[in-house]
Amino acid sequence: MYRLSGGRLVGRIAGSPILVLVTTGRKTGTERHTPLLYLPDGEDLVIVASNGGTASHPAWYLNLRSEPRAGVTLGGQTMPVVASEATGDDKQGLWERLVRMYPGYAGYQRKTDREIPVIRLHPDR
């Protein structure tokens, strides 16, 4: 629905914006499309590898670790991006903003022993 409507339908969940992350499967080489909440930060888009607070990282995160070049579909347009993991003060500041945007992230972190990664998607020009 998101792709067909150019993001006009199902473009938000719980008031938060959605993008579609396009990664390459690390085992299969197959293109994968994953809808995710995101936080804009300047030119970057910030996403969270929460996996609902489960003990394992989501497959898309493992795919990005293997191949950080990916794509993002927003409003019907796909653009190339390069992923990097936020760390230190950058991650802390982003995490606070992400939890304000979607409070469920705080609950996900409480549910799991793993550190939930915060990923910056930089435009790849």
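The largest nonpolar core of this predicted model has 16 residues, and those touching the most other members are Leu 19, Leu 21, Ile 47, Trp 60, Leu 64, Ile 119 and Leu 121. A nonpolar core here is a set of buried Ala, Val, Leu, Ile, Met, Phe, Trp, Tyr and Cys residues joined through side-chain atoms within 4.5 Å, where buried means under 20% relative accessible area with a 1.4 Å probe, protein chains only. Two or more residues each come from β2 (16-24), β5 (44-48), α1 (59-66), β6 (69-74), β7 (77-85) and β8 (118-123). The element that gives the most is α1, with 3 residues. Helices (H or I, at least four residues) and strands (E, at least two) are DSSP runs, numbered from the N terminus.

Leu 64 shows how such a residue is surrounded. Leaving aside neighbours within four places in sequence, Leu 64 is in contact (heavy atoms within 4.5 Å) with Leu 21, Thr 23, Ile 47, Ala 70, Ala 83, Ile 119 and Leu 121. Another core lies apart, with 14 residues, including Ile 18, Val 46, Val 48 and Ala 86.

The largest pocket has a volume of about 210 Å³. Of its 16 lining residues, Leu 36, Leu 37, Val 48, Ser 50 and Tyr 105 are the closest to the centre. The largest share of the lining, 3 residues, is from β3. The lining divides into 13 nonpolar residues, 3 polar and no charged.

Residues are numbered from 1 along each chain as its sequence is written, and side-chain values use heavy atoms, without hydrogens and water. As the model is predicted, local features need pLDDT of at least 70 and side-chain atom pairs count only at pLDDT 80 or more, while totals for chains, interfaces and linings use all residues.

How values were computed
Buried < 20%, exposed > 50% of the residue type's maximum accessible area, 1.4 Å probe, protein only. 1 Å grid on protein atoms, 1.4 Å probe; cavity = no way out; pocket = protein on both sides within 12 Å on 5 of 7 lines; lining within 4 Å. Points joined across faces, edges and corners; volume = space filled by probe spheres on them. Nonpolar A, V, L, I, M, F, W, Y, C, P; charged D, E, K, R; others polar.
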